[in-house]
Amino acid sequence: MVFKEEERLRCLMFEDAISNLGLPPSSISSDEYRDRQQDLFKCMPDGTAMIICANPIATKSNDVNYPFRTNSDMLYLTGWIEDGAVLFAKKSKNGDTKITLFVKPNNVLKEIWEGRRLGIEGAKKVAPIDTALSIDEIDDFIKRELKLVMEVFHQMNKNTKLDELILAIISERSREKQKNGLGPIKITDPTNLISELRLIKSEKELEIIKHACDITAATHIEAMKFTKPNMGEWQLEGFIEGCFRYCGGSGWAYPSIVGSGDNSTILHYKTNEDVMENGDLVLVDAGAEYEGYAADITRTWPVNGKFTSEQKQIYNLVLDSQKAAIEACIEGNPSNSHHLAASNVLKEGLIKLGIIDKNSKDMDAELKKYFMHGTGHWLGLDVH
């Protein structure tokens, strides 16, 4: 195959990006998953059950589906990435716990068409669980096991069939339930419980997030080199997302924003369909995902590689505000200290540039015209 010079240079840029990365971190261990599960069980009363379902498969068109990515809580508790899975955890009245993972069983014909499955035996070998069963057995299992608990922690709207089954069990008015007080009486969403655990990252999680950020940073640098006038925003988007995969990421953590000219002022611009013109700036908000964990980096650069004097003034002001925000990230400071530090620098700078009136009665409102968002957000298995 004969490559055009531009294609050859693009491949070299991918190589440059990957050469700037260290070795990828090892995956999260089974012991860490087990520790997470035990921390969650401590938050659950005795005599309760928890059900976590994988995300449903979403149809893109006719018989074509969107790429599957499972529920982040399923990832957090088990690391299991295959579709169709359901996690069932029960904490008995004496505090004993047991985790069962329901998975799609091996099926030679479907695996020929759709790819290999780990199946039940595979799940037993690799997943941090007590046992694995076929997803085909879940209805009878749920009917039997829920008779022994009073409360079900369950995220609704992930598995409609299972939602209906649980609701039917709760509303059942059998003699046995009335006589012996057996069976669940309410559903509680476990999202807040799990979110509190996910908020504090382990050392291994920090390593993985850092690697996702390293992939993203290296990609942004190469994207700056790749950008040129009259290139389509979509072409830069394609380069960036191709680099994420080339560097070992699973893809993007969120749809990439590539906005040039006026489009750069749209916070969540996503069409990426305009041509980047000479003299314009381009804003790129793009982050890689690695082993389920997200990165998120935004940078702005000149399409032709050179700032105008006005662009340079604003760029340097934003850079100064970023440095101030980083310096404010000190243990013991309020969680919004970095945002306040950045805001103060921006206010002072915009006053000096004559963009904000120093005599304004509401300086914060004036700043919000140009800086209406926060300085940062939580990051992990979800980008926000």
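**Entry 1: strands S10 and S11**

I started at Gly 259, whose bridge partner in S11 is Leu 283. The model I am reading is a predicted one. Next I looked up how the two strands run. S10 and S11 (residues 281-286) pair in the antiparallel sense, over four bridges. Then I checked the faces of S10, which spans residues 257-260. Ile 257 and Gly 259 lie on one side and are buried.

**Entry 2: aromatic pairs**

How many aromatic pairs does the structure hold? I found six. One of them joins Phe 14 and Phe 239. Their centres are 5.2 Å apart, with 35 degrees between the planes. I logged this pair as tilted, because the stacked class needs planes under 30 degrees apart and edge-to-face needs over 60. Phe 14 sits in helix H1 (residues 5-19) and Phe 239 in helix H11 (residues 233-246). The pair links distant parts of the chain, 225 residues apart. Both Phe 14 and Phe 239 are buried.

I then turned to Phe 88 and Phe 141, which form an edge-to-face pair. I read 5.1 Å centre to centre and 85 degrees between the planes. This pair also links distant parts of the chain: Phe 88 is in strand S4 (residues 86-91), Phe 141 in helix H6 (residues 138-145), and 53 residues separate them. Phe 88 and Phe 141 are both buried.

I also looked for a cluster. Phe 14, Phe 226, Phe 239 and Tyr 246 form one.

**Entry 3: Glu 222**

I picked Glu 222, found in helix H10 (residues 203-226). Is Glu 222 buried or exposed? Its relative accessible area is 1%, so I put Glu 222 down as buried. I listed what Glu 222 touches, leaving out residues up to four places away in sequence: Met 13, Asp 16, Ala 17, Asn 20 and Phe 239. Phe 239 was already in my notes as the ring paired with Phe 14.

**Entry 4: helices H2 and H9**

Last, I looked at H2 (residues 30-43) and H9 (residues 191-199). Their axes come within 10 Å and cross at roughly 135 degrees. The two helices are therefore oblique to each other. I noted the crossing of H2 and H9 as right-handed. Which residues make the contact? From H2 I listed Arg 36, Asp 39, Leu 40 and Cys 43. From H9 I listed Leu 193, Ile 194 and Leu 197.

How values were computed:
Residues are numbered from 1 along each chain as its sequence is written. This is a predicted model: local features need pLDDT of at least 70, side-chain atom pairs count only at pLDDT 80 or more; totals for chains, interfaces and linings use all residues. Side-chain values use heavy atoms; hydrogens and water are left out. Buried means under 20% relative accessible area, exposed over 50%, partly exposed in between (1.4 Å probe, protein chains only). Two strands pair if DSSP finds at least two bridges between them. Rings of Phe, Tyr and Trp (its six-membered ring) pair if their centres lie within 6.5 Å; planes under 30 degrees apart count as stacked, over 60 as edge-to-face and the rest as tilted. Axes are lines fitted to C-alpha atoms, for helices over the stretch in contact, and angles run from 0 to 180 degrees between N-to-C directions. Angles under 35 degrees count as roughly parallel, over 145 as roughly antiparallel, 65 to 115 as roughly perpendicular and the rest as oblique. A crossing is left-handed if the near helix is turned anticlockwise from the far one by less than a right angle, and right-handed if clockwise. Contact means heavy atoms within 4.5 Å.
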